[in-house]
Amino acid sequence: MYVKICGLSEPAHVAAAVEAGADAVGFVMTRSPRRVEPERAAELAALVPAHVLTVGVFRGEDPETVRAAALTSGVRAIQLHGRHPHADFLALSDLGVTLVRAVDSGADLRCGAYDEDLLLVDAPHAGSGQPWDWAAVRGRPSGRWLLAGGLSPGNVAEAVAAAGPWGVDVSSGVETAPGVKDSALIEAFLKAVRGAR
């Protein structure tokens, strides 16, 4: 099970995610309580070993803004959240990074439909931290896709069983307050996922 820990902003939490076995870590460079500037994302990404994917998360920004932030931060993947058009993915394809399309369950759920490498299926209200009907998407997404939205150490095994994803993504579920990650919760989440396989 592929695991992404998103919304990281402190070196200690990046280290906790890497040490606990995360496959990817995300840095939010868009409007959010978890936002970090590209320069800060670069400092954090420099702490991440090559086998862990560093992801810059964007929502609604134009491709040139995304490109500039991605190049400054040095992330190895770009996640476009929301209903970005296919053209946005094509405009960034020359960067040679992993492209992630993050959408709600009402979108086209075929991984690769927009020339992305990974698909992330999120809650109807992204960032709310509220669990949703994970079982409703079971069998619908194709390819390499991650389940997100309302996941936590206490419910991720249930969510995986309900939706059958290739991977999972968590942000608010490993926080003690909006934007404040907790190393123990990050470790607990990874343990819960690995136990659910």
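**Exercise 1. Identify the elements against which the buried residues of helix H3 pack.**

Solution. Begin with the burial pattern. In H3 (residues 63-73), the buried residues are Pro63, Val66, Arg67, Ala69, Ala70 and Ser73. Buried means under 20% relative accessible area, exposed over 50%, and partly exposed in between, with a 1.4 Å probe and protein chains only. An α-helix has 3.6 residues a turn, so residues three or four places apart point the same way.

Next, list the partners. The buried residues of H3 pack against helix H2 (38-45), strand S3 (53-58), strand S4 (77-81) and helix H4 (86-92). Contact means heavy atoms within 4.5 Å. Helices (H or I, at least four residues) and strands (E, at least two) are DSSP runs, numbered from the N terminus.

A note on the basis: this is a predicted model, where local features need pLDDT of at least 70, side-chain atom pairs count only at pLDDT 80 or more, and totals for chains, interfaces and linings use all residues. Residues are numbered from 1 along each chain as its sequence is written, and side-chain values use heavy atoms, with hydrogens and water left out.

**Exercise 2. Describe both ends of H3.**

Solution. Take the N-terminal end. Aspartate 62 caps it, with a side-chain oxygen 3.0 Å from the backbone nitrogen of glutamate 64. Now the other side. Glycine 74 follows H3 and has a positive phi, near 75°.

**Exercise 3. Characterise the largest pocket by volume and lining.**

Solution. Volume first: about 470 Å³. Then the lining. Of its 29 residues, His81, Asp122, Ala126, Gly127 and Ser171 are the closest to the pocket centre. S4, strand S6 (118-122) and strand S8 (167-170) each give two or more residues to this lining.

The lining divides into ten nonpolar, 14 polar and five charged residues. Here Ala, Val, Leu, Ile, Met, Phe, Trp, Tyr, Cys and Pro count as nonpolar, Asp, Glu, Lys and Arg as charged, and the others, Gly among them, as polar.

The geometry rests on a 1 Å grid over the protein atoms alone: a cavity is a set of points where a 1.4 Å probe fits but cannot get out, and a pocket is an open set with protein on both sides within 12 Å along at least five of seven lines. Lining residues have an atom within 4 Å of a point. Grid points are joined across faces, edges and corners, and a volume is the space filled by probe spheres set on the points.

**Exercise 4. Trace the contacts of glutamate 116 and arginine 110.**

Solution. Glutamate 116 is in the loop between strand S5 (98-104) and S6. Is this residue buried or exposed? Glutamate 116 counts as buried because its relative accessibility is 5%. Its side chain makes a polar contact with the side chain of arginine 101 (3.0 Å). A polar atom of that glutamate 116 side chain also lies 2.9 Å from the backbone nitrogen of glycine 112. Leaving aside neighbours within four places in sequence, glutamate 116 is in contact with Phe89, Leu99, Arg101, Arg110 and Cys111.

Move to arginine 110, in the loop between S5 and S6. Residues up to four places away aside, arginine 110 touches Arg101, Glu116, Leu119 and Ser142. Its side chain makes a 2.6 Å polar contact with the side chain of aspartate 108.

**Exercise 5. Describe the largest cavity.**

Solution. The structure holds one cavity of 30 Å³ or more. The largest cavity has a volume of about 40 Å³. Lys4, Leu53, Val55, Val100, Leu118, Leu120 and Leu146 line it. S3 and S6 each contribute two or more residues to the lining. By class, the lining has six nonpolar residues, no polar and one charged.

Note on methods: A polar contact is a pair of N or O atoms within 3.5 Å; within protein, one must be able to donate a hydrogen and the other to accept it, and residues adjacent in sequence count only if both atoms are side-chain atoms.
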